[in-house]
Amino acid sequence: MIQAKIAEILESDQFLQEHHVKGWVRSFRSNRFIALNDGSGLKNLQCVIDFENTDEEIIKRINVGAAISVKGTLKESQGSQQRVEIEVNEIEILGDANPEEVKLTILSPKKHSMEKLREQAHLRVRTNTFGAVMRVRSRLSFAVHKYFQDRNFYYVNTPIITGSDAEGAGEMFKVTNLDLKNPPKNEDGSINYKEDFFGKETNLTVSGQLEAETFALGLGQVYTFGPTFRAENSNTSRHLAEFWMIEPEVAFCDLDGNMDLAEDFIKFVLKYVLENCKEDLEFLAERQENEDKLKPKAERSEMTLLEKLNFVLDNNFKRVSYTEAIEILKNSKPNKKKKFNYIIEEWGADLQSEHERYLVEKHFKCPVILFDYPANIKAFYMRLNEDGKTVRAMDILFPGIGEIVGGSQREERLDVLKEKMAELNIPEEELWWYLDTRKFGTCVHSGFGLGFERLVQFTTGMGNIRDVIPFPRTPQNAEF
């Protein structure tokens with residue numbers, strides 16, 4: 001007897017052979033037709049029982065959400081909704097589900113909002129939408145590793161607990177085992193972190209970049225792919241407190257090489273999921289189209305989900321300096337007519353999502369890489385240009401989402417790096433090990449960071465970033 005996943009059985013031509021399958025009941029019609037799903041794909045397998053010759057007590061237990069084991073013969077289906085079906089010879093209830101319990105009504109997701117489904121994270125993945133999203137997420141994750149491994153990058157596990165703030169943002173979660181009701185104090189009343197577990201103040205990391213740089217300057221090319229944390233009190237559809245970052249770092253690579261790598265990487269992973277998640281992406285595309293119909297015309301997507309993904313694959317990314325972009329934005333109709341929420345008035349402005357999307361969707365009509373940003377709006381580790389006012393930074397902008405990648409050529413000159421740290425009041429003793437990399441065979445090197453959830457959100461068309469991670473961590477929410 002063949003035991004297989006439902007996705008395999010649905011493609012099978014092994015008719016009249018005995019099959020064994022296990023899954024969860026999605027529906028049960030006319031005491032005869034069971035729609036069974038095991039998570040291996042979007043489509044259900046129809047299992048047909050002979051109710052006249054099946055124990056009545058078993059039939060009563062075949063409820064939505066119940067886990068069952070089915071053995072039977074694979075046949076061509078007489079119905080128009082499916083190609084094959086199982087004619088059941090033997091059925092066993094593995095786990096009961098009470099249909100009266102409210103929790104299980106999430107298996108009819110049309111009746112519930114996304115917010116409601118997030119309250120049932122242990123069950124929401126059984127819905128078509130979240131099953132599709134999580135299968136795409138899994139494939140994307142594999143594609144990330146495949147891309148770098150196939151190109152001889154080394155996977156580095158950078159620390160989650162850190163004593164440094166790579167971004168200089170200060171929005172970090174503290175890690176401590178001190179008694180919060182009675183912490184040890186210094187003479188000036190401040191907390192004495194020397195008595196803490198690590199003997200110093202530590203936090204959950206916002207980035208593995210600085211540590212990855214040290215490995216790139218020994219292994220040549222490395223990447224990190226792990227959880228990062230930010231204690232930003234932003235309760236929006238774009239922010240998470242816990243998220244995953246992909247961060248490659250490459251020695252002997254300048255900004256142009258960095259932009260080449262980022263564009264090639266993004267196109268590879270999107271092509272991979274288009275080829276390996278066709279059914280799920282078609283479902284998610286249809287879902288987005290139906291959602292768009294309910295929105296005001298001005299808020300609807302100009303492209304379908306699949307058009308958006310192919311838009312990225314089919315177009316070379318346009319490379320534009322920050323200075324050129326500012327001139328375009330200053331002279332744009334939305335800016336002149338004050339339609340932007342943030343009006344661009346002068347060089348040095350920090351671009352917002354609305355500006356980034358205008359450049360991609362309206363002006364250039366292709367993905368855009370902006371480079372050479374003002375130094376004062378970028379991080380300390382980015383290489384200063386000869387003009388003394390811009391840095392070798394780059395951001396990749398996508399339709400519908402704005403910035404998806406941020407990176408730079410790193411500042412390899414020890415004296416310049418020290419000057420920038422002094423300007424920003426970053427103590428040298430905290431990052432002595434980072435400065436040391438500029439003393440022992442320093443070289444041009446570059447890297448970028450890509451928020452994995454932002455990539456999953458773009459790929460699946462989901463409107464809220466909380467719906468592309470299994471267990472979202474947000475302000476006032478750490479359930480499950």
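Please keep in mind that the model is predicted.

**Aromatic rings**

Let's start with the rings, where the count comes to 21 aromatic pairs. One of them joins Tyr147 and Phe268, a tilted pair with 5.4 Å from centre to centre and 55° between the planes. Tyr147 belongs to helix α5 (residues 128–150) and Phe268 to helix α7, so this pair ties together parts that are 121 residues apart in sequence. Tyr147 counts as buried because its relative accessibility is 2%, and the cut-off for buried is under 20%.

Elsewhere, Lys378 places its charged end over the ring of Tyr373, 4.3 Å from the ring centre.

**A nonpolar patch on the surface**

Which residues form a nonpolar patch on the surface? They are Ile160, Ile161, Phe197 and Phe198, and together they have about 400 Å² of accessible area. Phe198 is found in the loop between β9 (174–175) and β10 (202–204). Its relative accessible area is 43%, which makes Phe198 partly exposed, whereas Phe197 is exposed at 61%. The two rings also meet each other: their centres are 4.9 Å apart and their planes stand at 75°, so the pair is edge-to-face.

Thr162 lies in strand β8 (residues 161–162). Is Thr162 buried or exposed? Thr162 is buried, with a relative accessible area of 6%. Leaving aside residues up to four places away in sequence, Thr162 touches Met172, Thr202, Asn203, Leu204, Thr205 and Glu211.

**Salt bridges**

A search of the whole structure finds 34 salt bridges. Here are three of them, with the N to O distance for each.

| Glu453 | Arg137 | 2.8 Å |

The salt bridge between Glu453 and Arg137 links distant parts of the chain, with Glu453 in helix α15 and Arg137 in helix α5, 316 residues apart. Both Glu453 and Arg137 are buried.

Asp150 and Lys146, by contrast, both lie in helix α5, 4 residues apart, or about one turn of the helix. An α-helix has 3.6 residues a turn, so residues three or four places apart point the same way. Asp150 is partly exposed at 46% relative accessibility, and Lys146 is partly exposed at 31%. Salt bridges that share partners also join Glu213, Glu249, Arg410 and Arg438 into one network. As for Lys116, its relative accessibility of 32% makes it partly exposed.

**Helix α9 and its cover**

Helix α9 spans residues 305–314, and its buried residues are Leu305, Lys308, Leu309, Phe311, Val312 and Leu313. What covers them? The cover includes α7 (255–276), α8 (278–293), α12 (353–364), β15 (390–398) and α15 (452–460).

**A loop residue, Phe51**

Finally, Phe51 sits in the loop between β4 (45–48) and α2 (56–61), where it is partly exposed at 38% relative accessibility. Phe51 and Arg32 are 19 residues apart in sequence, yet their C-alpha atoms are 6.0 Å apart in space. Beyond residues up to four places away in sequence, Phe51 touches Ser30, Asn31, Arg32 and Ile59.

Terms used: Residues numbered from 1 in each chain as written. Predicted model: local features only at pLDDT ≥ 70, side-chain atom pairs only at ≥ 80, totals over all residues. Heavy atoms only, no water. Buried < 20%, exposed > 50% of the residue type's maximum accessible area, 1.4 Å probe, protein only. Helix = DSSP H or I, 4+ residues; strand = E, 2+ residues; numbered from the N terminus. Contact = heavy atoms within 4.5 Å. Phe/Tyr/Trp six-rings, centres within 6.5 Å; stacked < 30°, edge-to-face > 60°. Lys NZ or Arg CZ within 6 Å of the ring centre and 35° of its normal. Patch = residues over 30% accessible without salt bridge, like charges linked within 9 Å, V, L, I, M, F, W, Y side chains within 5 Å. Areas by Shrake-Rupley, 256 points an atom, 1.4 Å probe, with all protein chains shown as cover. Salt bridge = Lys/Arg side-chain N within 4 Å of Asp/Glu carboxyl O.
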